Amino acid sequence: MGWFFGRGKKVVLVLGGGSARGIAHIGVLKVLEREKIKVERVIGTSMGALVGAAYCVGVPIEVMEKKAYAFTLGKLLDPTMPKMGLLAGAKLEATINDIIGGKGFADCTIPLSVVATDIENNEEVVYTSGDLLKIVRASCSWPGIFNPVRIDGRLLVDGGIKNSVPTKIAKAHKFDYMIAVDVGFCVKIGAIDSIFQMMLQSFQIMGHELNAYQANEADVVINVDLGNLDQAAFGRAREAVEKGMRAAEEKVGTIKRDLWL
């Protein structure tokens, strides 16, 4: 049937962070693909970078789904002597490599931008080439939880530290219409009794505040209501995908109308 081109308008898709909540991006992509909405570039941070990278290198959405449904938090746990992180990050890297199938930027059929943060210089770093595996690994590395990644002299951590929904990065590219996906954060109220809970809650609060103004820079924002599904709830992947689909379906009419005008 071909793609819905929307009078030739160029569409950029921005995928925010969210760890387990970011699995909802798969549901959004299912709907956009089903509705033939052609995306000219994907810009992702953290989990959005991983899902975006898989999509851009040609991993079928059904394969992404299957891997998401089989994934558990335990597959990321490789404790190390804490110097810069509680987890070494080797298992995270292996997981990313498994999902993107060992492919790189050169394999992208849709241009991809991956956002990371230079923690030493307080700078956002955007990659469109380089070692895709290492760069996505850096973009997914929560500071203090995972060891950071050093690339070209930069010490890199999660892109969501500065850009939880990287709409600002999108503005550096030529496009006619921006779709942003905001999976939100799960800020919980209650007692905290571990370092992991402390760090997780800190990220929730920070991300919630960033999202409040970053996502709204897009022409349309797909807000996925994930309720109390938190960043570590990988066991609820099916729910995340279903809610991502539902949120996209609510906005697809608006998107098509905007692209046709």
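View 1. The model is predicted, so local features need pLDDT of at least 70 and side-chain atom pairs count only at pLDDT 80 or more, while totals for chains, interfaces and linings use all residues. Residues are numbered from 1 along each chain as its sequence is written, and side-chain values use heavy atoms, with hydrogens and water left out. Cys56 and Cys108 are shown here. The closest cysteine sulfur to that of Cys56 belongs to Cys108, 5.2 Å away, which is too far for a bond. From the side of Cys108, the closest cysteine sulfur is that of Cys56, again 5.2 Å away and too far for a bond. Cys56 is buried at 0% relative accessible area. Buried means under 20% relative accessible area, exposed means over 50%, and partly exposed lies in between (1.4 Å probe, protein chains only). Cys108, at 19%, also counts as buried.

**View 2. The protein has eight helices and ten strands.** Helices (H or I, at least four residues) and strands (E, at least two) are DSSP runs, numbered from the N terminus. Of the 261 residues, 54% count as buried. Contact means heavy atoms within 4.5 Å. Among contacts with a separation of 6 or more, 76% are between residues 24 or more positions apart.

**View 3. Helices α1 and α3 run roughly antiparallel.** Helix α1 covers residues 24-34 and helix α3 covers residues 61-70. Their axes are 10 Å apart and pack at an angle of about 160°. Axes are lines fitted to C-alpha atoms, for helices over the stretch in contact, and angles run from 0 to 180 degrees between N-to-C directions. Angles under 35 degrees count as roughly parallel, over 145 as roughly antiparallel, 65 to 115 as roughly perpendicular and the rest as oblique. On the α1 side, Ile26, Leu29, Lys30 and Glu33 make the contact. They meet Ile61, Met64, Glu65 and Ala68 of α3.

**View 4. Helices α2 and α4 run roughly parallel.** The contact is made by Leu50, Ala53 and Ala54 of α2 with Ile96, Ile99 and Ile100 of α4. Helix α2 spans residues 47-56 and helix α4 spans residues 90-100. The angle between them is about 30°, and their axes are 9 Å apart. Helix α2 is mostly covered, with ten of its ten residues buried. Among them are Met47, Leu50, Val51 and Tyr55.

**View 5. Val57 sits in the loop between α2 and α3.** Val57 is buried, with a relative accessible area of 3%. Leaving aside neighbours within four places in sequence, Val57 contacts Ile100, Lys103, Gly104, Asp107, Cys108 and Leu132. Val57 and Ile100 are 43 residues apart along the chain, yet their C-alpha atoms are separated by 7.1 Å. Just after α2, Gly58 takes a positive phi of about 100°.

**View 6. Lys36 and Ser46 have positive phi values.** Most residues other than glycine have a negative phi. Phi of Lys36 is near 60°. Lys36 lies in the loop between α1 and β2 (41-45), and is partly exposed at 29% relative accessible area. Ser46 has a phi of about 55°. Ser46 is found in the loop between β2 and α2, and is buried at 4% relative accessibility.

**View 7. Thr117 reaches Asp158 through its side chain.** Thr117 lies in strand β4 (residues 112-118). Its relative accessibility is 2%, so Thr117 counts as buried. The side chain of Thr117 comes to 2.9 Å from the backbone oxygen of Asp158. Not counting residues up to four places away in sequence, Thr117 touches Glu123, Leu155, Leu156, Val157, Asp158, Gly159, Ile161 and Lys162.

**View 8. Phe146 is buried in strand β6.** The strand covers residues 144-146. Phe146 has a relative accessible area of 7%. Beyond four places in sequence, Phe146 touches residues including Leu76, Met84, Leu87, Leu92, Arg137 and Cys140.

Key: Polar contact = N/O pair within 3.5 Å; in protein donor to acceptor, adjacent residues only side chain to side chain. Disulfide = S-S within 2.5 Å.
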